[in-house]
Amino acid sequence: METPVKYMFLLAFLASMTITGLNGVVGTAYYYGPCGKHDVEKEAEKLEPCTYAAQHRRAPVSEQCCTVMEKKVKNPACLCAVLFSQTANNAGVRPEIAVTIPKRCNIAYQPVGYKCGGTSFH
């Protein structure tokens, strides 16, 4: 009689682990942010070459900033999250000016009309 009880516990254990595992697989997409698996604050640090251009509307944009921005602009939701991040805020980035950088860099793909906070990309 002990053998069937052992198998029932084993079966119950395997069923619970399977259910837990499947919930983890299905639920993992909901744990990622706008930048996917990347941390928004770490992504904001990568835009350091753009700090001055993101503070002053008429400032020249460096080639290094344009290179970084060209990669970031492909995911406008991530770029928006980065512009409103605590790291960007501490650096003095003004999102309403920062959204003009892709146009100032003459980047071919620009998320024109994409709403980022209260401003949209130009």
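## Model confidence and overall architecture

The protein chain has an average pLDDT of 81, and 69% of its residues score at least 70. The model is predicted. Among the elements of the chain, helix H1 (residues 2-27) shows the lowest mean pLDDT, 61, whereas helix H5 (residues 86-91) shows the highest, 94.

The chain contains 7 helices and 2 strands, and from the N terminus on the order of elements is α-α-α-α-α-α-α-β-β. Of its 122 residues, 32% count as buried. Among contacts with a separation of 6 or more, 63% join residues 24 or more positions apart.

## Nonpolar core

The largest nonpolar core comprises 23 residues, and Leu47, Met69, Val82 and Ile101 have the most contacts inside it. Helices H2 (40-46), H3 and H4 each give two or more residues to this core. Apart from residues up to four places away in sequence, methionine 69 touches Leu47, Cys50, Leu79, Ile101, Pro102 and Ile107.

The buried residues of helix H3 are Cys65, Cys66, Val68, Met69 and Lys72. These residues lie on the same side of H3, because they cover an arc of only 165° around the axis. In general, an α-helix has 3.6 residues a turn, so residues three or four places apart point the same way. The buried residues of H3 pack against H2, H4 and helix H7 (101-104). The face turned away from the buried side carries the exposed residues Glu63, Gln64 and Lys71.

Lysine 72 is located in helix H3 (residues 63-72). Its relative accessible area is 12%, and lysine 72 therefore counts as buried, the cut-off being under 20%. Leaving aside neighbours within four places in sequence, lysine 72 contacts Glu43, Lys46, Leu47 and Leu79. Glutamate 70, also placed in helix H3, is partly exposed at 43% relative accessibility. The C-alpha atoms of glutamate 70 and alanine 108 are separated by 8.7 Å, although these residues are 38 residues apart along the chain.

## Disulfides

The count of disulfides comes to 3. One of them joins cysteine 35 and cysteine 78, with the sulfur atoms 1.9 Å apart. Cysteine 35 lies in the loop between H1 and H2 and cysteine 78 in helix H4, so this pair ties together parts that are 43 residues apart in sequence. The torsion about the S-S bond is about 95°, so this disulfide is right-handed. Both cysteine 35 and cysteine 78 are buried.

With a torsion of about 115°, the disulfide of cysteine 50 and cysteine 65 is right-handed. Cysteine 50 is buried at a relative accessible area of 3%, and cysteine 65 is buried at 0%. Cysteine 66 and cysteine 105 also form a disulfide, with sulfur atoms 2.1 Å apart. Cysteine 66 lies in helix H3 and cysteine 105 in the loop between H7 and strand S1 (115-116), so the pair ties together parts 39 residues apart in sequence. The link of cysteine 66 and cysteine 105 is left-handed, with -85° about the S-S bond. Cysteine 66 and cysteine 105 are both buried.

## Serine 85

Serine 85 is placed in the loop between helix H4 (76-83) and H5. Its relative accessibility is 4%, so serine 85 counts as buried. Not counting residues up to four places away in sequence, serine 85 touches Val40, Glu41 and Ala44.

Conventions: Residues numbered from 1 in each chain as written. Predicted model: local features only at pLDDT ≥ 70, side-chain atom pairs only at ≥ 80, totals over all residues. Heavy atoms only, no water. pLDDT = per-residue confidence, 0-100. Helix = DSSP H or I, 4+ residues; strand = E, 2+ residues; numbered from the N terminus. Buried < 20%, exposed > 50% of the residue type's maximum accessible area, 1.4 Å probe, protein only. Contact = heavy atoms within 4.5 Å. Core = buried A, V, L, I, M, F, W, Y, C linked by side-chain atoms within 4.5 Å. Arc of directions from axis to C-beta. Disulfide = S-S within 2.5 Å.
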